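Please look over the model below before reading these notes. The points follow two chains, one after the other.

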Amino acid sequence: MVSENSLPAIEVKNLDRYFGPIHAVRDISFSINPGEVLGFLGPNGAGKSTTMKMITGFLEPSGGSVRVNGHNVVEEPIKIKKAIGYLPEGAPSYGEMRVRDFLLFVAEIRGLTGSNKAQRVDEIIKEINLEGVVDQSIETLSKGYKRRVGVAQSILHDPEILIMDEPTDGLDPNQKHEVRKLIKDMSANKAIVISTHILEEVDAVCTRAIIIAKGKLLFDGTPEELRSQSSNNDIDDAFRKITTGSEVA
Amino acid sequence: MNNIIAILKRELYGYFATPVAYVFIVIFLFLSGLFTFYMGGFYERNQADLIAFFSFHPILYLFLIPAISMRLWSEERKSGTIELMLTLPITTADAVIGKFLAAWVFAGIALALTFPIWITVNYLGDPDNTVILASYIGSFLMAGGFLAIGSCISALTKSQVIAFVISVVICFLFYVSGTPIVLNFFTGWAPEALINAVSAMSVLTHADSIQKGIIDIRDIIYFSVLIAFWLYANVITIEAKKAG
C-alpha cells in the first residue's frame, strides 16, 4: 500500500489526441496527488473535455500515456474505471428513469448489492439534496437537478479520484455554492479534477490550476501563481494574457 | 455476467418506462393477427396448424425489428449517455450483449403474447404442437438475427432514422439472399462456391426448415454465428466510433 500511495493519483505523460486531421490535444503532461483539487481552464474547444475523456478511459490516446494509481488506462481500463468517479460534460443520464432507479442502476454496476446498495443510494440522495425528486423521471427535472443527479452518480462509490467536466455549468448561484462546498468537503483524501469557465471557482475550490488552449498546456501552478502572471494581480487578466498572449485591461 | 444483467434490466426498464414497449407490442399483435386471418386465410385453409400465422413473421420482423434496434446505440450516442455507460467499470462487450439481450427478451415477450392464436388452433382442432413450438423457436431466432444486425447498424449513426432504413435494407438482403433477387446478381461470373455460400446465408432458408418443425443443428449454428458475428462487429464499431 505504501508504494501505491507514493504514486500520483493521475499521471498524464506526453498525451496526444487526433480527430482525423485535427490535433486536439498536443503533448500534455501533468500529474495530481490525493488531496489536490485541480482546476482545468481554457477557452472552448481547447481540449479540456478530450483530455478528461482520455483520463477516464472513454477515448484512447493517439500518443502518450495516462496512468491512474500507477495503472495504464489503456491496459487496465476496468481497474481505473472502478477508481474514478466521472461527471461527463452536460451530465448525461437516462431521461426516462426515475432518479432513485437511475442511482440504483449505477450502484449495481459499481458493485454494490442488497441493503448496502439501497443504503448508499439513500445517503447520496440526502447528501446532494435530491429527496424531493427521487420518484420523478430525470427528463422532467430542471437543469440544476439534472446536474445534481450527475454529481450524485459520480460520487456514489466514494471514488479516490473524481473527474468533473463543468460541474457547475447551468446552476444558479446557490447551487453553484453547494456544489463547490461539496467538492471542498470531499477534497481532503481525493484527487479531484474539475473543468470550468468560471475563474472565481479556481479561487474558491482549487489548489492548483492548469490552462490549456489549442490543445497545448500553457500554465500549471497554484491560483496565486496564476494571479501573479498579470500586472494587476487579477485572475481574469492572467487568463487572457496566457490564452491570447495579450493583456487587456 | 452481473454487469450484463444490470444493463439488461436497465434497458428493459427503458422500454417499459416509455410508450415504446406498449406501442410496439400492440402493433405487432395487431399486424400478426391481421396477416394471419386476412392474408393467410387461417379459417379458409381449414387446417389445424399455424402456417398462416408464422409465414408472415419474416415480413413483420423486417420492419418491426429494426424499429426496436434503431434506438439501441443511436440514442446513447445522441444523448451522450454512451460516455456515462462506457466509463462505468464494464467492458464494451458487456454493454453490447446486455443491450442486445434486452431487445431480444423484449421481442420474445411480444412473440409470447401471441399465445391466444395457439390456444385458438388447439380449441378448433388437433394441431401438432411440437411443430408449433419449433416454429416459435425459429421465429425467435430470426428476431435475434435481425436484432443483432440492427444493433450493429445503430452503433454507426446518431440518427435513428438512418439506423432504421439501413437495418431494413441489410435485414432484407440477408432474408432474400437465397432467392433470385440476390443470386441473379452473382450468377454468370461468380464461382459456384460463392453462390452457394451466399445462398446459405439466407435467413429465409434456415428459418423455413425450423418452422416446418425440423430443428437442425446447422440452423441453430447458423443463427448463433449470425448473431455472434454482428455483435462482434457491434463492439468494434463502438470502439471505433464512440468519439464522434
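1. A residue is called buried if 20 or more other C-beta atoms lie within 10 Å of its own, exposed if 12 or fewer do, and partly exposed in between, with C-beta atoms placed from the backbone. By that count Ala91(A) is buried, having 24 other C-beta atoms within 10 Å. This is a predicted model, in which local features need pLDDT of at least 70 and side-chain atom pairs count only at pLDDT 80 or more, while totals for chains, interfaces and linings use all residues. Residues are numbered from 1 along each chain as its sequence is written, and chains are lettered from A and ligands numbered from 1 in the order in which they are written.

2. Ala91(A) is not a glycine, yet its phi is positive, at about 45°. Most residues other than glycine have a negative phi. Ala91(A) sits in the loop between strand S6 (84–87) and helix H4 (99–109) of chain A; helices (H or I, at least four residues) and strands (E, at least two) are DSSP runs, numbered from the N terminus.

3. Asp27(A) also has a positive phi, near 50°. Asp27(A) belongs to strand S2 (residues 22–32) of chain A. Is Asp27(A) buried or partly exposed? Asp27(A) is partly exposed, with 14 other C-beta atoms within 10 Å.

4. Chain B has 15 helices and zero strands. Its radius of gyration is 19 Å, close to the 18 Å that the globule rule gives for 244 residues, so chain B is as compact as a globular protein of that length. The radius is taken over C-alpha atoms, and the rule is 2.2 Å times the number of residues to the power 0.38. Of the 244 residues of chain B, 41% count as buried.

5. Helix H2 (residues 19–39) of chain B has 21 residues, which at 1.5 Å a residue should span 30 Å; the end C-alpha atoms are 29 Å apart, which agrees. The expected span is 1.5 Å times one less than the number of residues. After H2(B) comes Gly41(B), with a positive phi near 60°.

6. Which residues of H2(B) are buried? They are Phe28(B), Ser32(B) and Thr36(B). Seen down the axis of H2(B), these fall within an arc of 50°, so they line one face of the helix; the arc is that of the directions from the helix axis to the C-beta atoms. An α-helix has 3.6 residues a turn, so residues three or four places apart point the same way. On the other side of H2(B), the exposed residues include Tyr22(B), Phe30(B) and Met39(B).
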